Amino acid sequence: MTVSDWSDWLPRAVESADPETVAIWYLGCNGFVLKGSEGTTVFIDPYVGLGDPPRTVRMVPVPFDPEDVTEADAVLATHEHTDHVHGPSQAPILENTGATFVAPDDSLSVAYDDEAWLDDYDLSEDQFEEVTEGDTIEIGEFTVHVEPAYDPDATHPVSYVFEHESGTFFHGGDTKPSDEFVDLGDRYDIDLGVLAFGTIANIADKQTGEPVRTKWYNDENQVIEAANDLDIDRLLPSHWDMWKGMTSDPKVLHHHAKSFDAPRSLELVEIGDRVDL
């Protein structure tokens with residue numbers, strides 16, 4: 001059972017918000033919730049698990065209990081890793097709201113097979129929608145394009161581009177720079193983009209327990225390279241706060257970004273913060 005460090009104020013803040021454009025809350029790790037001006041609410045990669053101590057140790061609060069979420073139209077996953085597809089974090093949202101779980105095939109396999117959400121939660125098969133690169137779906141007031149991502153640690157990662165009448169939002173999951181990004185930057189006018197950022201750590205190997213030099217996220221140079229290729233106006237670095245040994249300071253990105261045309265500004269947020277498109 002998930003116990004929130006913050007009671008239910010964050011779900012209530014999302015539900016009571018009446019944004020003029022699109023409001024976006026950072027949930028820590030790589031989780032976000034978007035709420036549009038017409039009320040459409042979408043969660044992306046929400047994760048309230050504690051990791052697998054001592055291998056992965058959560059360094060930020062658990063900001064909400066999924067059982068407290070009563071309004072959601074969809075939950076999207078970028079790839080199959082535990083901190084992006086996690087039954088205890090996501091299935092109760094689907095159960096309470098009737099939202100659709102949108103994800104690529106390997107992420108759905110985690111939900112169907114590895115974690116058996118249909119057995120453990122009151123869900124129906126029509127609440128699951130498989131997507132792949134090149135797909136476009138409509139979620140309320142959002143048009144969502146499924147685009148490539150490059151994450152060599154994942155088996156089938158994707159990124160998402162949300163188009164709204166007030167602007168365009170990009171979520172790259174845990175992607176590194178990709179040859180596809182210049183094309184994406186040409187095709188979309190990305191107002192706000194999320195890219196995973198962190199440092200390198202010695203993380204215990206799952207089998208042996210021995211520390212292994214591990215790099216899961218973009219370093220300072222990679223995150224700016226990807227943002228520049230995507231021609232992002234406002235870059236919001238994520239994931240830097242989550243795992244012990246992987247945390248970093250996003251303020252250093254000002255130095256790395258200042259000589260590039262993009263990103264044109266940095267949106268530095270902490271868990272629970274809201275930004276608007």
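How many bridges join strand E2 to strand E3, and do they run parallel or antiparallel? The legends below, all drawn from a predicted model, begin with that pair.

**Figure 1. Strands E2 and E3 side by side.** Strand E2 (residues 32-36) and strand E3 (residues 41-44) run antiparallel, and four bridges join them. To find your bearings in this view, pick out Leu34, whose bridge partner in E3 is Val42. As a reminder, the strands of a sheet pair through backbone hydrogen bonds, in either a parallel or an antiparallel way.

Figure 2. An α-helix has 3.6 residues a turn, so residues three or four places apart point the same way. After H3 comes Ala116, with a positive phi near 50 degrees.

**Figure 3. Trp117 and the largest nonpolar core.** This core has 29 residues, and Phe43, Phe101 and Trp117 touch the most other members. H1, E1, H2, E7 and H3 are the elements that give two or more residues to this core. Apart from it lies another core, of 26 residues, among them Ile137, Val144, Phe162 and Phe169. Zooming in on Trp117, and leaving aside its neighbours within four places in sequence, you will find contacts with Val85, His86, Gly87, Gln90, Ala91, Leu94, Phe101, Ala111, Leu123 and Phe128. In soluble globular proteins, nonpolar side chains tend to be buried together.

**Figure 4. Ser89, a buried serine in helix H2.** Ser89 belongs to helix H2 (residues 87-97). Is Ser89 buried or exposed? Its relative accessibility is 0%, so Ser89 counts as buried. A polar atom of the Ser89 side chain lies 2.8 Å from the backbone nitrogen of Val48. Not counting residues up to four places away in sequence, Ser89 touches Pro46, Tyr47, Val48, Gly49 and Pro66.

**Figure 5. Ser159, a buried serine in strand E11.** Here the serine sits in a strand, E11 (residues 158-164). Ser159 counts as buried because its relative accessibility is 0%. What does the side chain of Ser159 reach at 2.8 Å? The backbone oxygen of Pro148 is the atom to look for. Once neighbours within four places in sequence are left aside, the contacts of Ser159 are His145, Val146, Glu147, Pro148, Ala149, Phe170, His171 and Gly172.

Figure 6. Most residues other than glycine have a negative phi, and most peptide bonds are trans. Asp45, in the loop between E3 and E4, has a positive phi of about 50 degrees although it is not a glycine. With 0% relative accessibility, Asp45 counts as buried. His239 is found in the loop between strand E16 (234-238) and H7, and its phi is also positive, near 75 degrees. His239 counts as buried too, at 0% relative accessibility. Next come the cis peptide bonds. The bond from Pro53 to Pro54 is cis, with omega near 5 degrees; Pro54 lies in the loop between strand E4 (51-52) and strand E5 (56-57). Another cis peptide bond, with omega about 5 degrees, joins Ala262 and Pro263. Pro263 lies in the loop between helix H7 (253-257) and strand E17 (265-266).

Conventions. Residues are numbered from 1 along each chain as its sequence is written. This is a predicted model: local features need pLDDT of at least 70, side-chain atom pairs count only at pLDDT 80 or more; totals for chains, interfaces and linings use all residues. Side-chain values use heavy atoms; hydrogens and water are left out. Buried means under 20% relative accessible area, exposed over 50%, partly exposed in between (1.4 Å probe, protein chains only). A polar contact is a pair of N or O atoms within 3.5 Å; within protein, one must be able to donate a hydrogen and the other to accept it, and residues adjacent in sequence count only if both atoms are side-chain atoms. Contact means heavy atoms within 4.5 Å. Two strands pair if DSSP finds at least two bridges between them. A nonpolar core is a set of buried Ala, Val, Leu, Ile, Met, Phe, Trp, Tyr and Cys residues joined through side-chain atoms within 4.5 Å.
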